[in-house]
Amino acid sequence: MSYHDTTRALYREAALEPQSSLCCAPGPAFRLPGLSIPSEMRAMNYGCGTTVHFQDLSPELDVLYLGVGGGLEALQFAYFTRRPRSVIALDPVAEMREKARSNLLLAERSNPWFRAEFVEILDGDALDIPLPVGRVDLVAQNCLFNIFTQGDLDRALREAARVLRPGGRLALSDPICEQEIPERLRSDERLRAACLSGALTLERYVQRIVAAGFGTVEIRARRPYRVLDRRRYGLEQDVLLESLEAVAVHTPVPEDGACVFAGETVIYVGEEDMLDDGRGHVILRDVPLSVCRKTASRLRSLGRGDLIVTPPTWHYAGGGCC
Ligand SMILES: C[S@@+](CC[C@H](N)C(=O)[O-])C[C@H]1O[C@@H](n2cnc3c(N)ncnc32)[C@H](O)[C@@H]1O
């Protein structure tokens, strides 16, 4: 028996009987014109955050979705691609695949633009993706990678990089945690499978993504997700889990390290119309320029009174320095 058996057993149960405790934090699912999400599918939203970022999506993209769940995000991706098999969704749990298929058939009835054949559901594992090198433009996973041990996480990230074309994107959504989660909880296989105890710190999470060969990482959102209650889990203090949405770009990692965008900007408030930092950044006076963490930290360290470097918003939405 490995922890994968426990994970699969939990999601078998969650396919047969939707489990509200596994569902993401309550909140309105995003709405798009003409997109209707069947209630059966909505009840199986087993992710945290979203991997569907409008700015990355266009009709010609081929998408690979790892861990289909009830099919909610596969449907949302298909909204943008609208071609047969333009979204490939993998899941090793037969009952989950079946449920996603039946939910997508329900979606076909309430969405005139949608055909279930837009989403191809395959029996497969994120650790051993049954696709060739460079097959897809976008890989997405929501609340799967945090379940994996570090060795498996590294393997899943390498697999995602392998099947992505150069310049392709990996959209991730997972819990992170800046506090220490005791080993007793980390090694509790059911808790881990339920996305409650495998979370890494943000820094470590990003480090693993970069180690798999992603040269740019964009932090798209970070917000409170769950609490491990000290009484219920026998902890000294409550432990806050946050949900992190990130998009990693499959480009070579620069020699001086990856470009990680977290919403920091630099603003030049000096006497000239602009400042050229000699490293490829032209900063117009009074106009915030998005910069990656490396650049933000270098510019902060200059200690110049005519440069303001704003703190991370953790909601980076494009534009930038690298
Ligand atoms: C937490 S759920 C997330 C489902 C979906 N992504 C969502 O946001 O609703 C994890 C999903 O990954 C599937 N899964 C478990 N182990 C997997 C693996 N090794 N490779 C791919 N999918 C896996 C589960 O069956 C389940 O559908």
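A: The answer starts at the ligand and then turns to helix packing.

This is a predicted model: local features need pLDDT of at least 70, side-chain atom pairs count only at pLDDT 80 or more, and totals for chains, interfaces and linings use all residues. Residue numbers start from 1 along each chain as its sequence is written.

The ligand is surrounded by 23 residues. A residue counts as near if its C-beta atom, placed from the backbone, lies within 6 Å of the molecule. The closest are Y11, G47, G67, G69 and N142. By class, the shell has 14 nonpolar, six polar and three charged residues. Here Ala, Val, Leu, Ile, Met, Phe, Trp, Tyr, Cys and Pro count as nonpolar, Asp, Glu, Lys and Arg as charged, and the others, Gly among them, as polar.

Axes are lines fitted to C-alpha atoms, for helices over the stretch in contact, and angles run from 0 to 180 degrees between N-to-C directions. The cut-offs are under 35 degrees for roughly parallel, over 145 for roughly antiparallel, 65 to 115 for roughly perpendicular, and oblique for the rest. The crossing of α1 and α4 is left-handed. In a left-handed crossing the near helix is turned anticlockwise from the far one by less than a right angle; clockwise gives right-handed.

Which residues of α1 meet α4? Y11, R12, A15 and L16, against E95, M96 and K99 of α4. Contact requires C-beta atoms, placed from the backbone, within 7 Å. Four residues of this contact are nonpolar, none polar and three charged.

Helix α5 (residues 150–163) packs with helix α8 (residues 202–211) at about 45°, with axes 9 Å apart. That makes α5 oblique to α8. Their crossing is right-handed. L153, D154 and L157 of α5 make the contact with R208, I209 and A211 of α8. These residues divide into four nonpolar, no polar and two charged.

Conventions:
Helix = DSSP H or I, 4+ residues; strand = E, 2+ residues; numbered from the N terminus. Contact = placed C-beta atoms within 7 Å.
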